[in-house]
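Hi,

Here is the structure I promised to pass on to you. Please have a look at it first, and my notes follow below.

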Amino acid sequence: MSRKAVQGSTGRAREPGPDPVQVPVPVDAGAVGPADPDQVDAVPAFWRLAVYGLQHVLAFYAGAVVMPLLVAQGIGMPADDIGMLVNASLLTCGLATLLQSVGLPGIGIRLPVVQGTSTTAVPSLVSVGLAAGGAKAGLPTVFGAVIAAGLALFVIAPFFSRLVRFFPPLVTGTIVTIVGITLLAVAARQVGGGDPSQRTFGSPVHLGLAGVTLLVILLLHKFSRGFLATVAVLLGLVAGTVVAALAGETDFSGIGGSAWLGVTAPLHYGAPRFEITAVLSIVLVMIIIAVESIGQFFAVGRIVGREVDGRQVTRALRADGLATVIAGLLNSFPSTVYSQNIGLIGLTRVKSRWIVAASGVIMMVLGMVPKVGAVVAAMPASVLGGATIVLFSTIAVVGVQILVQADLGDQRNTILVAASVGVGFLPTAFPQFADQMPGRQLHALFESGIILGTLTAVLLNLFFHHLRLPGRRKRAARSIDPPEDYMQHEEQLESTIPSTSDEAS
């Protein structure tokens, strides 16, 4: 087989030049097919924006709340301040989502990308906070490191756009598949009730609630078309919560004790402190988050039918960096792409970025109205698990669809996929691997199967398809296939790299 078929084409590069001005056209957009990329810029009717946006918020909410809870509990914050950090997280997640989906000049990918706080950063943030005195005393150092790390990512974002050549369908498909597979462990924990240490974890009650949610979603996809099918996840969550309430498995006590308004002032805990060790620790975390996010940007592009090139990666990472700076100023933490919302887009086929923008506005409202957020927080974990089973599995299916473009008949490509998926699954099966790693950085690396699998896929792609030994290069020159055919893999990928003028736009 010719070497030019090794990994499949990455598509034709975009012509250099500024982004065309895209004027949203108001339409009553419903579900659309995968070959309709223009639907990304369509503006649905207001009621669809509200309903579909709320569906995204429900898929995202639990993760956005858990991350600040973990950090706050890890550094010993009092209960009242924990609520403030959660509100700040929701507010900044909404702002970050608007930066990605709507964008600013040179900032934002302008695709339906939902941003939320990154759990990858939790171990390093807790370590920085504790080293700086813990509780409120440690937060100025934590937020200073977050601000500095966001600025660093914003500045070096164009460098990451050059990595596009190292993310052909073979690599991106592997990464997206790993994301879906590893997240299934999260779905399984939610199905069991959320806390494996509880005696009732995995009880028939929890399994039944998850089963009700899943069953409603499946029935709606079987017997309905159009709008009902696209909001199947939302209706499944509502049905599961209603059944849980009837069974006495919901706790609405937190609603009455929540205030109607609760906005934390910027730099509430004092002026940020910039300590070199703390900054370097969070910068490394941001680099890891950026590498992880690149594959998810490609996944979104694949789902909505839009090619993601180096310039768009630069814009997306700039938005990540700017959102992280804003988060540090508003008493919150680094942001990243939320995978469950990617799965929701793939499942519903509703691809308008303005729907995701609407979800960003709803997130901001929830961040300013804790009582409304408490209603959503009352949803049992097992009900949410019934939906995430489908959402996370959909991400894995999208990864398989991308891998179809690669040549898995080549043994090297098969080994690359197998090794990457296997290594990525290790922390999912046994999180204890991270506990044995010396240092915060290695702990963060081995804590995430997505990060390990991503790095394995990228490094093996470099080893198999970019590393050329001098002796082998000479033998290739004497082979039957011409040298330009042997290097076709790299030439095709280089065609997707934007020019310097593109990166500066």
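N331 touches L85, A88, F143, T264, A265, P266, L267, H268 and Y269, leaving out residues up to four places away in sequence (contact means heavy atoms within 4.5 Å). This is a predicted model, in which local features need pLDDT of at least 70 and side-chain atom pairs count only at pLDDT 80 or more, while totals for chains, interfaces and linings use all residues. Residues are numbered from 1 along each chain as its sequence is written, and side-chain values use heavy atoms, with hydrogens and water left out.

Where does N331 sit? N331 is in the loop between α11 (310-329) and β2 (335-337); helices (H or I, at least four residues) and strands (E, at least two) are DSSP runs, numbered from the N terminus. With a relative accessible area of 1%, N331 is buried; buried means under 20% relative accessible area, exposed over 50%, and partly exposed in between, for a 1.4 Å probe and protein chains only. A polar atom of the N331 side chain lies 3.0 Å from the backbone nitrogen of H268.

S332 belongs to the loop between α11 and β2 as well, and S332 is buried, with a relative accessible area of 0%. Its side chain makes a polar contact of 3.0 Å with the side chain of T92. Such a contact is a pair of N or O atoms within 3.5 Å; within protein, one must be able to donate a hydrogen and the other to accept it, and residues adjacent in sequence count only if both atoms are side-chain atoms. Setting aside residues up to four places away in sequence, S332 touches A88, S89, T92, T117, F143, V146 and A327.

**The chain as a whole**

The chain has 23 helices and two strands. Of its 505 residues, 55% count as buried. Among contacts between residues at least 6 apart in sequence, 83% join residues at least 24 apart.

Here are some pairs that are separated along the chain:

- V285, in helix α10 (residues 276-304), counts as buried at 3% relative accessibility.
- S339, in helix α12 (residues 339-348), is buried at 7% relative accessibility. S339 and F60 are 279 residues apart in sequence and 8.9 Å apart from C-alpha to C-alpha. Apart from neighbours within four places in sequence, S339 is in contact with V179, L183, Q296 and I395.
- T182, in helix α5 (residues 169-192), is buried, with a relative accessible area of 8%. T182 and A429 are 247 residues apart in sequence and 9.0 Å apart from C-alpha to C-alpha. T182 touches G424, T428, G449 and I450, not counting residues up to four places away in sequence.

**Helices worth a look**

Helix α13 (residues 353-368) has 16 residues and reaches 23 Å from its first C-alpha to its last, close to the expected 22 Å (that span is 1.5 Å times one less than the number of residues). Which residue caps the N-terminal end of α13? That residue is S352, with a side-chain oxygen 3.2 Å from the backbone nitrogen of W354. The buried residues of α13 include R353, I355, M363 and G367.

Two packed helices are described by the angle between their axes and the distance between the axes. The axes of helix α6 (residues 204-223) and helix α8 (residues 232-246) come within 8 Å and cross at roughly 145°; axes are lines fitted to C-alpha atoms, for helices over the stretch in contact, and angles run from 0 to 180 degrees between N-to-C directions. Residues of α6 including L209, V212, V216 and L220 meet residues of α8, among them L235, L237, A239 and V243.

Most residues other than glycine have a negative phi. R110 has a positive phi, near 55°, and lies in the loop between α2 (79-101) and β1 (115-117). R110 is partly exposed, with a relative accessible area of 22%. L267, one of the residues that N331 touches, has a positive phi near 50°. L267 lies in the loop between α9 (253-256) and α10 and is partly exposed, at 34% relative accessible area.

Enjoy exploring!
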